Amino acid sequence: MLRAGVAGTTAADVPTQAPEQTRDDGQRLQLFAYLQAPEHRTYLAIMRLFTSTLLADLSAGEVSAALAAAEREGRVAPGESDVDTVIDRLKQLVRWGNLVVGRRETIASSIAEFQHGSVRYQVSKLAVRVQRDVDALLRAPEGAREVTRELLPAIDRGLSGIGAALSEALSAERRDPGAKAARQARERLAEQVTTVFLQHAELAATVRDFYAYLGQVVTRHQLAPDEISGFRNLLVDYIQMVVEDVLRHTETIAASLAGLAGVRSELLRLLGPADQLGADVERARGRTAADWQELTDWFVDSPGRPSQVSALREATARAIGSLLASVKRATAGGGLVPGRRGELLKLAKWLDTADDDTAHQLYSAAFGLHSARHLQPAPDYDSDNDKVPWRDGPVLDVTVSVRSRGDRGARGRTSRVLDDPMTEETLLAQARQADERRSAAVAELATAGGRLAERKLSADALGVLCELLTLAMAQREGADDAGSALDPVHRLRVTVRPETGRETRIRSASGTLTLRDTVLEVSGGGAVPEAARGSAR
């Protein structure tokens, strides 16, 4: 009998696993390598075995026994359950980073049994996520995914509940920070935050999946009449209902997020770090300022960065426009309705069910093509390979006119390119005047410098200042941050930063611009660099 127990060591012939925190992106992407391997069915069965239970700790013999049942059912190739083959597969998964190696005390009757039983394998954390996403992808249907719009009122109520729970937790903390009531109040606050972020993650995922499916189908050039009817009902009824629900709750959700933004630091402090798990623990959503900013950006527009609600409205408008274009093509009188798509699908079905001789006859009858007889050597420009079957050859891009009308004739007439030197000179003169006006406006701002309040700017200078001011404010992550923008040609920089009690007034020919609690700084010479001036000439 052999008895061994070497805790924390690895077998000499098994590669060690690097710490996950030291991997770069390329190493992490190797976690997906087993999905494209020739033996991907075996790898999938092994990874499902390791991820089916918590703290899975399996040896090669145990994995081989589990694969034997899958081999009998035909889910893996014959011979994949052999122990030596399983060991090779497990070692490869270790090299990719999906499994990690360990050892534990074991009792064996032979050296081979000891080698197979002493080396144990566990699944890595990131590999569990990969396999979970793979299984979810394989289970997902091809059709549309329902949008969980019922989560919108739940998110609205949850954000209101967070405000009430935060007030209760702060009051309990002021009375006695170490009391049971304060601890329970913090737990209720954490429960509300976790629930809201889980609900929003599910809502955002369903919206992305639904619009991805919608974009896949409405952009097709040819749609059957029943498909057009189904997509019309989908767009007119379902999408309208989704968009209305989102817009109805967005205003109150935005108001709740604005109220929580002022007390976000206190909220994050009460949620606190998970000290018992260490500094590198992956926190739940809602425990960092970035999570709250992402939630806010989903519902609320910011300068230069539209929200996902605005993107949803734009995507809906584009989808409706695509559907109307498809309906117009299908009902136009100038071509076949709905084109040759149905005929090609019917021919493909015939070819799929026919034997070889019948398929050749169908192909010849449909396309008028017959086997070639080369009586002379092929010309130099003929690059076709007669040894490659037509189904494996290069794909020809069929134009819309051929696909819909069977017509190869060119449509329309090529326009003549006119040489109009007078118009060209006029446009060049207008461009030079615009450059001169902008240069003068920038020079005026640069001359004013820190004395903007004392100068009265021209309309052009105010326009340039407002343009740079908008870009500078768009760079800010929050209301308390500073932002700056640079004119890349004239090297004029505008910086805006908040300062309580300060008021900046800028007078111009078009009116007075007032910035409250804000300091505006203008720096730079405003001159055009020599390289840029030379290239402009």
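By class, the residues lining the second largest pocket split into nine nonpolar, eight charged and four polar. Before you click further, keep in mind that you're looking at a predicted model.

**Stop 1: the pocket**

The second largest pocket has a volume of about 590 Å³.

Now colour the helices. Which of them supply at least two residues each to this lining? Pick H9 (225-261), H11 (289-299) and H17 (459-474). H9 gives the largest share, with four residues.

**Stop 2: strand E8 and its partners**

Next, select residues 492-508, which make up strand E8. Show the neighbouring strands too, and go through them one by one.

- Residues 483-487 are strand E7, which runs antiparallel to E8 and pairs with it over five bridges. For a landmark, look at Ala485, which sits opposite Val494 of E8. The two strands form a hairpin with four residues between them, and in that turn Arg491 has a positive phi of about 60°.
- Residues 456-457 are strand E6, which pairs with E8 in the parallel sense, over two bridges. Here, Lys456 faces Arg507 of E8.
- Residues 511-523 are strand E9, antiparallel to E8 and joined to it by 12 bridges. E8 and E9 also form a hairpin, this one with two residues between the strands.

**Stop 3: Thr504**

Still in strand E8, zoom in on Thr504. Is Thr504 buried or exposed? Its relative accessibility is 12%, so Thr504 counts as buried, the cut-off for that being under 20%.

Leaving out residues up to four places away in sequence, the contacts of Thr504 are Leu513, Thr514, Leu515, Thr518, Val519 and Leu520.

One of these deserves a distance label: which atom of Thr518 lies 2.7 Å from a polar atom of the Thr504 side chain? Draw the line to the backbone oxygen of Thr518.

Note on methods:
Residues numbered from 1 in each chain as written. Predicted model: local features only at pLDDT ≥ 70, side-chain atom pairs only at ≥ 80, totals over all residues. Heavy atoms only, no water. Pairing = 2+ DSSP bridges. 1 Å grid on protein atoms, 1.4 Å probe; cavity = no way out; pocket = protein on both sides within 12 Å on 5 of 7 lines; lining within 4 Å. Points joined across faces, edges and corners; volume = space filled by probe spheres on them. Nonpolar A, V, L, I, M, F, W, Y, C, P; charged D, E, K, R; others polar. Buried < 20%, exposed > 50% of the residue type's maximum accessible area, 1.4 Å probe, protein only. Polar contact = N/O pair within 3.5 Å; in protein donor to acceptor, adjacent residues only side chain to side chain. Contact = heavy atoms within 4.5 Å.
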